[in-house]
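Welcome, and thanks for opening the viewer. Let's walk through this structure one selection at a time.

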Amino acid sequence: MLRLSNAAVITTNAILALIGLATLSFSIYVFVHGPSQCQRFVQNPLIVTATLLFFISSLGLIAALYGSHIIITLYLFFLFLSILLLLALSVFIFLVTNPTAGKAFSGKGIGHAKTGDLQNWIGNHFLRGKNWEGITKCLSDSRVCKRFGPQDVDFDSKHLSNVQFGCCRPPIECGFESKNATFWTVPETATVAMVGDCKAWSNTQSQLCYACESCKVGVLKGVRKRWRILLLFNLLLILLVVLLYSCGCCVRNNNRVPWKRRFL
């Protein structure tokens, strides 16, 4: 059991350290060569996460290899903080992606220490001001809509994501006619007034329906869907960190055993 705990900590932390180092190297490479608009959204969080992952994993490796009681204690402390942060992040993601739960916990608290508008947090944070400007630039630079070319005349039958349906084509209620996937015209018999999203639509590939409310709705649904996937990943990560913490506790207890007996 003693050797198994050491082997589990060494192997897992070695893999995590390599992942953290590779991610950090990639982030620095992108930063040096100039990130795209989309990459700017994840660049700083990615660098911070990769640095912490490499640092904590390196602590675990050193502690397991050299049996340092101080380092393994420090390692366990950071793992414990990681568990708390991941739990808090998981609860937050659940509240902001679940309208019912978000509404129930919005404005709760004592005195001035109250939660904000959790139900509409994603919309308020991503769909306004500079954040939304950055998202529209990212959509324009990416291949979200560019994957559809002029030859794609059967545009409506394609399986579109929420973002593609809201941002890459005019709303259905506008009644526009598609010449192909990239060009839509207003029919002569149109009865809908060209206002709102119908007026915001443009056949220019850098604009399309990025200024439409339907695009914001599509992005909001897309963010919620991906954050729910992130929540599942977060829960699995918590399980992994708890297992690492348990093995780390065994390694820490092993340090109290004489060195020769530890490896018998």
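What is the torsion about the S-S bond of Cys 145 and Cys 168, and is the disulfide left-handed or right-handed? Select both residues: the torsion is about -80°, so this disulfide is left-handed. A quick note before going on: this is a predicted model, in which local features need pLDDT of at least 70, side-chain atom pairs count only at pLDDT 80 or more, and totals for chains, interfaces and linings use all residues. Residues are numbered from 1 along each chain as its sequence is written, and side-chain values use heavy atoms, with hydrogens and water left out.

**Stop one: the disulfides.** A disulfide here is a pair of cysteine sulfur atoms within 2.5 Å, and by that rule the count is four. In the pair you have selected, the S to S distance is 1.9 Å. Cys 145 and Cys 168 are both buried (under 20% relative accessible area; exposed is over 50%, partly exposed in between, with a 1.4 Å probe and protein chains only).

Next, select Cys 174 and Cys 198, joined with S to S 2.0 Å. The torsion about their S-S bond is about -95°, so this disulfide is left-handed. Cys 174 sits in the loop between α7 and β3 and Cys 198 in helix α8 (residues 197-200), so the pair ties together parts 24 residues apart in sequence. Helices (H or I, at least four residues) and strands (E, at least two) are DSSP runs, numbered from the N terminus.

Move on to Cys 209 and Cys 212, whose sulfur atoms are 1.9 Å apart in a disulfide. Both Cys 209 and Cys 212 are buried. By contrast, Cys 247 is in no disulfide, and its nearest cysteine sulfur, that of Cys 250, is 6.2 Å away. Cys 247 is partly exposed, at 21% relative accessible area.

**Stop two: a helix crossing.** Show α6 (residues 129-141) and α9 (residues 213-254): their axes come within 12 Å and cross at roughly 90°. Axes are lines fitted to C-alpha atoms, for helices over the stretch in contact, with angles from 0 to 180 degrees between N-to-C directions. Highlight Trp 132, Ile 135 and Leu 139 of α6 with Cys 215, Lys 216 and Val 219 of α9, which make the contact (heavy atoms within 4.5 Å).

**Last stop: the annotated spans.** The unreviewed UniProt entry annotates "transmembrane region" at residues 6-32, 44-66, 72-96 and 229-246; such annotations may be inferred rather than shown by experiment. Color residues 44-66: the span is 100% helix, with end C-alpha atoms 33 Å apart. Residues 72-96 are 100% helix, and their end C-alpha atoms lie 36 Å apart.
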